[in-house]
Every structure is written in structure tokens, then in C-alpha cells.
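Subject: The structure you were waiting for

Hello,

Here is the model, ready for you to open beside this email. Could you have a look at it first and then read my notes?

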Amino acid sequence: MPDPLRAVAMSAGCRRIVGLVSLLLAVPVLAPASLPQAFHPAQEPDNLPLSGLVGNSITDIVWSGRHLWVATERGLARWDPALGNGLSPADWITFTEINGLGRGSVSALVAVGDTVWAATVVDSIVPGVARPLQTGTGLSVTVDGGTNWRHIANETIFDTTRASFEAGPRTSIQNGCFGLAAVGDTVWATFFAGSSVRSPDLGWTWERVIPGGGGRITFSPTDIEADVRDRERVADSLATAGGDPQRIAELRGEADSLAVLYLQHRTFAVVAYGDTVWIGTSSGLVSSFDYGQSWTIHRVRPDTTGEPLLGNISANWVVAIERDLEEYGGESIWAGANVSEGPGQVAAMNRSTDLGESWQTLGPTFAWDFAFANGDTTWAGTNEGLLVSADGGATWEEKVVADPFTREKLRPPFIGVERVTLPSGEVSLWSGADNGLGCSLDGGTTWTILSSPVKTPSLDRGEVVGLGGLVDAGNARTYAAPSPFAPSHGERSRIVYSLSETSSVTIEIFDFASRRVVTLLDGEERGGDQNHGENWDGLNEDGEPVANGVYFYRIKASSGNQAFGSMVLLD
């Protein structure tokens, strides 16, 4: 089956390019700037939130009714609409580990009023494993809009000395939290290895709630092999003896359900309201209308020929769930479902208007997040781009998120999408991707992109310009990121620099043999007191893709100042 943990790690901006280390070891290292490795806040004193939106890899966007919260690889950013429209760094602050969040990237988020829960993960290197594994570092909660935070470590939640947690997991490796839901003082959290848990008292006590029921958590197929074989043997014996066909079908159905039970306990998404809870797992979507006492399982159902029956969800790995309260009092449940184990699955969006009794399969792909407008308009963040439907999901259109001023373009996957009504009555639409946050004030026609590269001292005066963000502690005047980058996957490497004074700028890119590949800018004016970035798409002067390797660039300003940098193209 596809590796769900790998896909979630990709969605959270934790990409690793195989072979990078060996490539870099084979190439001489030159002095000009590479990607900065050490950072420090751009403001004092300590222990205060960072000013601005800090972080580029957006992993979730949530409107609490008071603030917009944006999860990134560097922390949790907050925008207060009372301060502005969110397009200026001055409208944002970012909370980090210094303020009480857990260590690492924010992997899950829920916000209601002034109560906010955030989960965090880091990468762990495990001997014998080729790629880093995600490790959960716990949950953090604030009840006063971020002024004070309380952190709850994974080890506290999964305390094996307490009832229902005896079986573990006994490590936080591969036990990150990817879904959160809050109802009053109750929080639901969905973990990859530890299944779903619930706290009724703001995280002071915890209980395991196994989605779909069951008396114990099932970590692997071997945990339930005996139970599966027992039911299969009884079914086969009854069939040989000419027993009741209905009972035989029930036993074989139980065996099939048990066989994928370990996948059902790998949980990802959760939505809760009142006594109702929906949980997305690697083996279907489960729902309860009595606070988790009884469950209904929604999954792909094949007929006798193996073809999927209509009216069920399209695939079993449910990574996103949203509830749409419709204009005239109805409600819909939307689910983004990717392919897991089992036949007849199609990655798609799914919608139910009857609390899961039946499902419509919609859209060209599955979604990581949804946002809804009045009427039948639905926005979906997907691996294919930011999609919008004006007819309840029957047809979809891709919206290109590009900023003509900064010359940036957001690239898939789009993980978060949210709509916010400003105090003026104007509606802002927000979308998050792996390289920034987009905002549109006209329904997705035009966009402003907020990205927070690590800032460098200005090319001409060596001073820090612009509001907020992080500053390169090594004083490099320029760098390029991402590096390495893969143009065939839609990636662009952005050359970052700053100017104190308005200047004409020329940027040339050279290969390892010092031959000029392309002139990216040729004496074009760039404004002073600003941070700038120019994207290279990996094409040469003739518009042809260049070969893998190390490339160097030179920035020259009309003031006479210049800086050098490098980047790695690895397609």
C-alpha cells in the first residue's frame, strides 16, 4: 500500500531528495552563500512571539472566529483582522517553542474562539532506515488566544501505566498527531500509531477511543491473524457442510474487517460537534453520534465481482473531513479519500448530505482541506492545485495562485484553505502551500502571496530591512531555496536578497564550468527598503531544461554592489 506517513511528511513540507548527500560530497564547496543554517529573531526582547508570519511551508489554516491561525514548519502564526487585512507583516505574530509550543513543525491544528490546540512533529534519524521518520512531540493548548501555552508531551498522553494505554505505543517515533477537534473542554486527537484519543478536561486526563470500536489497539496484521483464521475456518466448515449462507457471509465479512483493523487504527483526520465525531483512518471513515459509544464504518464496498458499489466512499484512506453548514439549514460532510489497501478504490472527494447513509464521489482527486462559500461554492486544497467548484462538486476549476508584485507562484500540494469575513464585510480567501500563504480579496481572481524567507542583510548597505521574520545569523547577502530543487515537479529555486535603496538589478546564472546559462534579470529596477526574490525554473536562455548539477549565480546592483550564491538542481 502507499505509505501514509510518507505522504503526510511530504504534505508538511518535509521532502528529502535521495542522493543529495552523495552529490554534494562530490562537488567542491565554494565560499559564496548557500542556504542559511542559523537564524535569530528580528526583534527583542526574548520570550515574545516573533513579529510577522514566520515560515513558508503551510500545513493548516484555521479560522477561530476571532483570529486566523496558520500552521508552518517554524511555528504557529496568528492574524487579528482588527489590525489589518493580513497582507502586511505587521498584522501577524508567530508563536514558537520559546512561547510554549512543542518542538518541530505544526502537524495539526484546531481553534475555537480563544482556545487553540496544536500538534508538533520532528524528523528522527533511525539506523537502517533510509529516510527520516516523523516523531510526535506532543500537543500544546492555549485558552487565551496565545498569551499562555501549556505543552503536553506524547509520553504523557500515551502513559503505558494507565488503563487502555498498556499496549503502547512505547515510542513517539511514527506517532505524530495529524488531526484535532475541540468541543468545549473536550479535545479529540488522531495519531498515526496511537490511534485516536480524547481528553474531556483540556488535556489533563486522557482516554483511548478506538475508532470503530474494539477492545484493544491493533498495531500490525500479526496482532489479529489468529482471529481472522478462526472466522475463516468456521466459515469454510459451514460452507462444506451446507450451512446457513447468511451466517457464512457474516463470518467472512468479520474476517475481512479484522484483516484491515490495524489500518483502521491509523488515524488522520477528525471532526467533532456535540456528541458527533467523524474520524478518518487508513481503512475508512468512522462516525459516532453518541460520543464514541457506538460506531458506523464507511468504506469502499465491492460487489461479488470486486467492483465498488455506488453510494459508498471512493477510497479508504481518509485524510480530510469537513462539515459544511448550508445556507438553508442543511449540512454536508465532505471527505478527502486517498487509496489504501483493497480493490476498487479511487482517490477523490466525497460528499454526504444524509450523515453518511450515502456518498457522492466528486472531483478529479482527493483533497487535504475544504472551505465553503454561500450556495454551492466549495474550495479544495489538493496535490493537483487549488480547486474550486461552483456547483456543489459536479465540476471543478483550478485557480492559479500567483502574485504579480513579488513574482511568486504557489506550487502544489495545497494543504490548507479557509475563508474569513473581514470587519468591513469583505471576504478574504486564504490558501497554503509548500512555499507560502496566498490571500485573495476578490474570490480567487488575484492573489497576494505572503512568504517568509530567512532575510539577509541588504546588498548595498548590509542592513536588515523589512518587517518581522528571521534574519540569517551568518550575514550572507543572498541564498537560493529550495536547494536542491526539481523543476519537473513544479519546483522553482528562489534567489533571495534585500535592498536598502532602489536599484537596477542584474542576475546571471552559470554552470559548474563558469559558462553562463541564463540571464535571469537584466538591469531591472527593484525597490529599496524591501526583501526581494527571483525564481529560476531550471531553463537556459533558449528555454530548454538544464542538466542536474550545481549552478552558481551573481547578483549585481547599479550601486556597484554584488553577491554570489549557488543552488543544486536535482530532477
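Below is what turned up in it, going from the whole chain to single residues.

First, the ground rules. This is a predicted model, so local features need pLDDT of at least 70 and side-chain atom pairs count only at pLDDT 80 or more, while totals for chains, interfaces and linings use all residues. Residues are numbered from 1 along each chain as its sequence is written, and side-chain values use heavy atoms, with hydrogens and water left out.

The chain overall

The protein chain has 6 helices and 40 strands; helices (H or I, at least four residues) and strands (E, at least two) are DSSP runs numbered from the N terminus. Of its 571 residues, 52% count as buried, meaning under 20% relative accessible area, with exposed being over 50% and partly exposed in between (1.4 Å probe, protein chains only). Among contacts (heavy atoms within 4.5 Å) between residues at least 6 apart in sequence, 52% join residues at least 24 apart.

The second largest pocket

This pocket holds about 1300 Å³ of space. A pocket here is an open set of points on a 1 Å grid over the protein atoms alone, where a 1.4 Å probe fits, with protein on both sides within 12 Å along at least five of seven lines; lining residues have an atom within 4 Å of a point. The volume is the space filled by probe spheres set on the points, which are joined across faces, edges and corners.

The lining consists of 46 residues, and Val62, Val271, Ile321, Glu322 and Asp369 lie nearest the centre. β19 gives the largest share, 7 residues; others supplying at least two include α1 (4-11), β3 (60-63) and β29 (416-421). By type, the lining divides into 31 nonpolar, 6 polar and 9 charged residues. Nonpolar covers Ala, Val, Leu, Ile, Met, Phe, Trp, Tyr, Cys and Pro, charged covers Asp, Glu, Lys and Arg, and the others, Gly among them, are polar.

Strands and sheets

β3 also belongs to an open antiparallel sheet of 5 strands, in the order β2-β6-β5-β4-β3; two strands pair if DSSP finds at least two bridges between them. β2 (50-51) and β3 are at the edges with a single partner strand each, so one side of each has no neighbour in the sheet. β3 and β4 (residues 68-71) run antiparallel and are joined by 4 bridges, with Asp60 opposite Ala71.

β29 pairs with β30 (residues 427-433) in the antiparallel sense over 6 bridges, and Arg419 stands opposite Leu429. Their hairpin has 5 residues between the strands, and Gly425 there takes a positive phi near 95°.

Backbone points to check

Most residues other than glycine have a negative phi, and most peptide bonds are trans. Here are the places to look at with that in mind.

- Pro412 and Pro413 are joined by a cis peptide bond, omega about 5°; Pro413 is in the loop between β28 (408-409) and β29.
- Ser483 to Pro484 is also cis, with omega near 10°, and Pro484 sits in the loop between β34 and β35.
- Gln174, not a glycine, has a positive phi of about 60° and counts as partly exposed at 28% relative accessibility.
- Leu202 has a positive phi near 60°, yet this residue is buried, with a relative accessible area of 18%.

Best wishes
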